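Here are my notes on the model you sent over. Have it open beside you while you go through the points.

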Amino acid sequence: MTIRNVRDHGQRYRPRMACLKKVEALVLEMQDPKTGVKSQTQRLVITTIPHAITGEDIVAWIVNRFKIDAPEAQSIGSMMVAFGYIYPLQDHKRLIIKPDSSLYRFQTPYFWPAQQWPVEDTDYAIYLAKRNIRKKGMLELHEQEQYNRLHKWMNHKWDFIVMQAKEQYRAGKERKKPDRVVFDCQERAYWVVHRPPPGTVSAMDYGLDRLMDPNMEEKKTPDYYRRIIIFTHQCIMRPRVKSSVSIGAIVKYATTYRQHDPFLCACLPSNPWLTDDVTYWDLNKPNVEIPTKMRVERWTFSFGELLNDPRGRADFRLFLKKEFSGENLAFWESCEDLKWGAAVTMKEKAQQIYKTFLARGAPRWINIDGKTMEITVKGLSHPHRYVLDAAQTHIYMLMKKDSYGRYLKSPVFKDTQKKAISPEPHRFSEAQLEQNAKKRRPSLSPILLRQQEEEQKAKLAASGPVDITQLCRFTAPVPHLAVYTGICEAQTNASPGLMTLPNSAACPSPISVAIDSTPASERRFDGHGGPASAHFPSIAESAEASASEESQPPASRSRVASSLSRLLRRGCVAQSVFASLSPKCAVAAGGGKVQPLSTEPLTQSQPRRIANFFQIKVDIPPECRIYPIDSEDEEEESPGAARGGVKEIICPWETVTKQDGAG
Amino acid sequence: MPLCNNKVADDGSGPGVSAQPPEDGKAMVDSLIKVVACHRHLASCVGGSTDSASLRQELQKTRERAQSLAVSCRHHLTAQLRDKALPEDERKETELQWVAFSSCLELFHADMSKVFKMGSHFSLANNSAMVQTGMQGGTTEVTARALSQPDLQPSADGVPTDSVERLELSQLEQEITQVDRTLEEMEMKVNVLRWTVEARGPQYADPVSTDSASLAMLSTDEEGGGHRCSRSQVFVAMLLCGVATVAVVLSVCVVYLA
């Protein structure tokens, strides 16, 4: 018994299957004794059964009726068999039309597929029980499995099912022998269509169930008409594109992606859905070491393709790291994280992003035009998910027009292209295909996948990219901010895996890793890859605690060439001073993260070279806030105790509302 | 003429009805299952090569029988289940029967709807083309089994007219809605928790006991109930037993050959 008065909003209706009516009409046309398909008799051991038709007759009739060619007629015939209107008498499990003398028969209308009545499991259970009786317990493997499963799920009506199966069996015995054979064949064919054996494709696959019943007539209430009116209004107001333009776009898309479509061209090595061999998925994992040639080719199609593929994004990140402009990508990724992340942390995230990327003197400052900056800052006073959209689009376009082109010509990309593999296509025999089908296993659980993703992120954070812009004297008051690798975020379960932003929350000993991963010229500046933003609030707090505003004379560009080693040392000293200054600064004082003195033993010759290097690369706005260290430097005052704390980056909206602790 | 099935079925009234033992209910439910099984066999012929006026007639008769059985079953079971003083094991038994009864009725409803749909599509009066399904023989034996009448005259009515057919179809429609309503009311009136009902029978149907189910056997069973001790009767009984044994042997042979 089924529960009938279910009043939830579940989706339980099958979608419209308009083709069924058309096939029915065709089948009825075939019945005509004069113009229909000619029938023969099937001879069994003792009986003869009429109304058998050959495959070639069916195909010939369809060719004649629709005036089409043989392969198309064959596929129409196969469709009729796949839906269950005609069933094969000899190879009953393969639902195709063989255009030779193999025999078929029409299915009785009772067993035709119907839109309004889905196939019930109760009926299937009764059929299996009957089959069990007839075959005395020798059911096929999948039937046996289904039987056991149904016995478990429909246990409450099992007595009824067994009883009904027995009664149907007995009633069947009342009929004459040939009729019994025909009925058995009909029923078997019906269940091959609606409960296909494993390894076969079913024509009755229809995707998801729908919310509304397609057979139900909709009542014409005022609400209905209101909906129709709104719909037509929207149709009128839709923007239009010239058909030549849109067709051109479709043609271009089709020609570009043709080789990459698994329906049109065979994918290498083989399509796992067809051959049950998962090499293709293994080779195309999100963070595989060596990508396939097809994948690398896809990256050249558009910038969006490159960014959407995690491996491509990693490659791009590597390239940007070599070019020292990784902050653009980092900003873009953090904006994505903001857009897709949890609502709880959104406000903090937005502010962190501002402090890290957008504010004047931010450690990873990105270059956006004044108007966008204005809009963004105004929006940040009331942050929501899409507050950074304008800036994000700007940076995206920047990367697309500038970095992307250079990336495609870069040695990084060329290297990846060269190393990319192109697997050989598989050639499985029938026996091997069956073997593969038996060895099918479910894929990794999503929990494990998520764990792997997190580990990946942590690894990336540890060996994060270094942006040289932040190592300029103007932006490196506290050198430990040099290796800032992204938004410090306690929980990463918000992001849907779209971004593989290196999470600096879990980075191990920064010095060793940083020294290993960066070239010698940068080594001295790979200070302390701590969770910089975690430092930020603490430093901010300490700064506020010490609370002395400094005057900010603008720095001139020419001063860039001052010795950076001195700066560094002073900065390091200053840092330790800060640590001692603020008792609240538990993180900074936590030790282990700040090891200034280890970068000491570097020669003087290097900084000059680096300074020149910096002169080229750095792009600092003319009026950035100068940190007390720099002003000390310029005014040639004695190093030592820092006068006040570092000028923390105050978000402009915070000055409007009274500052309340960490931003 | 159809029996008066269209009256609104009234509930079993009072505790006096529950005096009937649950075995009675079981027998009623079993016979309902049998009739529904036969009805399904008949329904599978509609629209096929053996579709004819007699088939439709047989369908109608089977339907009526099923409905009358359903009505009486329902009265009985509702009364039993509403009776608060029912002992626990009897209640379990009755609940099992209730589940069987409602599943049976659902199957019957589905079959009736299909017959209605196909009947309107494959109209006998308009001489629409029937599907050549390969069936040849008639289904009178099945109907006879359903109605438990050993000899059944095939009613050769010829081709019905359009209006008669439409009348029959509208009647069928009414019956379908009635069964629908019955099912809904059943759900409302009696609260049987499906997850507490456990099947008692075996998981696999016993193949041996389902042999030898021809009409001859059935008639022997039914006639053997009220035997009278007259010599001719004894002789006839012995003859029938001999025939029955031969039938058993033959059916075993057929099963092994099939």
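1. Keep in mind that this is a predicted model. To start with the strands: in which sense do strand 1 and strand 2 of chain A pair, and over how many bridges? They run antiparallel, over 3 bridges, and a hairpin of 4 residues joins the two. If you want a spot to look at, Gln42(A) sits opposite Ile49(A) of strand 2 of chain A.

2. Next, the nonpolar cores. The largest one has 103 residues, and Met30(A) and Phe101(B) have the most contacts inside it. Helix 3 of chain B (residues 88-121) gives the most to this core, with 12 residues. Leaving out neighbours within four places in sequence, Phe101(B) touches Val29(B), Leu32(B), Ala70(B), Cys73(B), Arg74(B), Leu77(B) and Met186(B). Apart from this core lies another, of 38 residues, which includes Trp365(A) and Tyr396(A).

3. Have a look at Ser44(B), in the loop between helix 1 (22-43) and helix 2 (53-82) of chain B. Is Ser44(B) buried or exposed? Its relative accessible area is 2%, so Ser44(B) counts as buried. Residues up to four places away aside, its contacts are Thr108(A), Tyr110(A), Arg175(A) and Phe183(A).

4. On helix packing, helix 14 (residues 310-323) and helix 15 (residues 326-340) of chain A meet at an angle of about 145°, their axes 8 Å apart. Helix 14 of chain A brings Arg313(A), Phe316(A), Arg317(A) and Leu320(A), while helix 15 of chain A brings Gly326(A), Leu329(A), Trp332(A) and Glu333(A). Sorted by class, that contact has 4 nonpolar, 1 polar and 3 charged residues.

5. In one of them Asp57(A) pairs with Lys38(A), with the closest N and O atoms 3.2 Å apart. The partners are 19 residues apart, Asp57(A) in helix 2 (residues 55-66) of chain A and Lys38(A) in the loop between helix 1 (19-30) and strand 1 of chain A. Asp57(A) is buried at 16% relative accessible area, whereas Lys38(A) is exposed at 58%.

6. Another pair to check is Glu165(B) with Arg56(B), where the closest N and O atoms are 3.6 Å apart. Glu165(B) is in helix 5 (residues 162-189) of chain B and Arg56(B) in helix 2 of chain B, so this bridge ties together parts 109 residues apart in sequence. Glu165(B) is buried, at 5% relative accessibility, and Arg56(B) is buried at 14%.

7. Finally, a network of salt bridges links Glu167(A), Arg170(A), Glu174(A) and Arg145(B).

Key. Residues are numbered from 1 along each chain as its sequence is written. Chains are lettered from A and ligands numbered from 1 in the order in which they are written. This is a predicted model: local features need pLDDT of at least 70, side-chain atom pairs count only at pLDDT 80 or more; totals for chains, interfaces and linings use all residues. Side-chain values use heavy atoms; hydrogens and water are left out. Buried means under 20% relative accessible area, exposed over 50%, partly exposed in between (1.4 Å probe, protein chains only). Contact means heavy atoms within 4.5 Å. A nonpolar core is a set of buried Ala, Val, Leu, Ile, Met, Phe, Trp, Tyr and Cys residues joined through side-chain atoms within 4.5 Å. Two strands pair if DSSP finds at least two bridges between them. Axes are lines fitted to C-alpha atoms, for helices over the stretch in contact, and angles run from 0 to 180 degrees between N-to-C directions. Ala, Val, Leu, Ile, Met, Phe, Trp, Tyr, Cys and Pro count as nonpolar, Asp, Glu, Lys and Arg as charged, and the others, Gly among them, as polar. A salt bridge is a side-chain nitrogen of Lys or Arg within 4 Å of a carboxyl oxygen of Asp or Glu.
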